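Q: Please take a close look at the side chains of this model, with attention to aromatic rings and charged groups. Where do they meet, and how well are they covered?

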Amino acid sequence: VSTPNAPRTRPEQFAFLREQIAGPLDWEALCLSLARQAPGLPAIYPSAKAAMDATPLSRRYPLSQARRGMVAYFDDPNDSNPLAHIVTLAGWDGAGRTLDDLVTVTNDAKRRGGVDYVRASFFPTHWGDPFKFATDWLNGYDLPGYDVDAKPTPAPGRETIGKNLDHAIGDIRRAIRNHRAAGHRAVVKALSADLAALMETRKRFPK
Amino acid sequence: MTKDQTRQQPDPEPVDPDQVPADELALLVDDDHAEDRPYAEGLPQEDGL
């Protein structure tokens, strides 16, 4: 199965985010929703942790390869928030390549429910969540390219939403097994709730 | 808006695709200007379907 392109271009992705920055404080605890709605992606994974664990290894990039338009994850599997955090990467501020030089767009950092530009160092410093990886993959889609001003070329994905959800359910089951083996009890509990929610959603799609 | 005024509008995308555009960088909130964030820990990061 080829990975379909996000329906929106990168300028459209950031236009959406800028609208949310200027908009009402509606994004409390909705980091994944914010990150996936900006490029126009459908809801698939119930939490940032589930989406993070489902990201193909080949699409996970270190800090030095982070680019504008990618998303990035911050997580400590043993802290009080087992569901991780996802942000959109706005790009680099200057020539450095540390977390202080990388600017993100995030909810809940500066204003509860608000969306703001903050440096990537915010999350390990204030939330205790280290940078995990950057990626140009989200919810089974390619995020908008870096020099794409035209509409992305459509690419075929899975045939139905139901098949997408089946794949996501398999991803979460594998993640639960991995976290159980690693002793991440809070993550196992959180992802089990994600799995139950996703299986309920799956019932709404006959195919 | 005249054509000349249109030309003066900032390009929403940076010339260097890695860099944050200047108009977005102007919105960056640095930590020394931030409020305390007692709510930051323990938030579920859910995404309703």
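A: A charge is said to sit over a ring if NZ of Lys or CZ of Arg is within 6 Å of the ring centre and within 35 degrees of the ring normal. The model discussed here is a predicted one. In chain A, R97(A) lies over the face of W92(A), at a distance of 4.3 Å from the ring centre. A further arrangement of this kind involves R68(A), which is placed over the face of F14(A), 3.8 Å from the centre of the ring.

Over all chains, the structure contains eight aromatic pairs. One of them is formed by Y73(A) and F133(A), whose ring centres are 5.2 Å apart and whose planes stand at 50 degrees, so this pair counts as tilted. Y73(A) belongs to strand β2 (residues 71–74) of chain A and F133(A) to strand β6 (residues 131–135) of chain A; the pair therefore links distant parts of the chain, 60 residues apart. To judge how well these residues are covered, one cut-off is needed: a residue is buried when its relative accessible area is under 20%. Y73(A) has a relative accessibility of 0% and therefore counts as buried. F133(A) is also buried, its relative accessible area being 6%.

F74(A) and F131(A) form an edge-to-face pair, with 5.8 Å from centre to centre and 70 degrees between the planes. Because F74(A) is located in strand β2 of chain A and F131(A) in strand β6 of chain A, this pair ties together parts that are 57 residues apart in sequence. F74(A) and F131(A) are buried. They also belong to a cluster, in which ring pairs link F74(A), F122(A), F123(A), W127(A) and F131(A).

The charged groups come next. The structure holds 14 salt bridges over all chains. In one of them, D136(A) is paired with R59(A), and their closest N and O atoms are 2.9 Å apart. This pair, too, links distant parts of the chain: D136(A) is in the loop between β6 and β7 (137–138) of chain A, while R59(A) is in the loop between α3 (48–54) and β1 (60–61) of chain A, 77 residues apart. D136(A) and R59(A) are buried.

R59(A) has another salt-bridge partner: its side chain meets that of D142(A), with 2.5 Å from N to O. Since R59(A) lies in the loop between α3 and β1 of chain A and D142(A) lies in strand β8 (residues 141–142) of chain A, the pair ties together parts that are 83 residues apart in sequence. The relative accessible area of R59(A) is 16%, so R59(A) counts as buried. That of D142(A) is 18%, and D142(A) is therefore buried as well.

A further salt bridge joins R119(A) and D93(A), the closest N and O atoms being 3.1 Å apart. R119(A) is part of strand β5 (residues 115–119) of chain A, whereas D93(A) is in the loop between β3 (85–92) and β4 (102–107) of chain A, so the pair ties together parts that are 26 residues apart in sequence. D93(A) is partly exposed, with a relative accessible area of 24%. Salt bridges that share partners also join R18(A), R68(A) and E24(B) into one network. R68(A), a member of this network, is the residue placed over the ring of F14(A).

H184(A) is found in the loop between α5 (161–182) and α6 (185–202) of chain A. Its relative accessibility is 16%, so H184(A) counts as buried. Leaving aside residues up to four places away in sequence, H184(A) touches P77(A), N78(A) and H179(A).

The mean pLDDT of chain B is 59, and 29% of its residues reach 70 or more. Over residues 1–8 of chain B the pLDDT is below 50, and this stretch has two contacts in the model beyond near neighbours in sequence. The pLDDT is also below 50 over residues 35–49 of chain B, a stretch with 50 contacts in the model beyond near neighbours in sequence. Chain B contains two helices and zero strands. Of its 49 residues, 29% count as buried. The model as a whole scores ipTM 0.74 and pTM 0.83.

Terms used
Residues numbered from 1 in each chain as written. Chains lettered and ligands numbered in written order. Predicted model: local features only at pLDDT ≥ 70, side-chain atom pairs only at ≥ 80, totals over all residues. Heavy atoms only, no water. Phe/Tyr/Trp six-rings, centres within 6.5 Å; stacked < 30°, edge-to-face > 60°. Helix = DSSP H or I, 4+ residues; strand = E, 2+ residues; numbered from the N terminus. Buried < 20%, exposed > 50% of the residue type's maximum accessible area, 1.4 Å probe, protein only. Contact = heavy atoms within 4.5 Å. Salt bridge = Lys/Arg side-chain N within 4 Å of Asp/Glu carboxyl O. pLDDT = per-residue confidence, 0-100.
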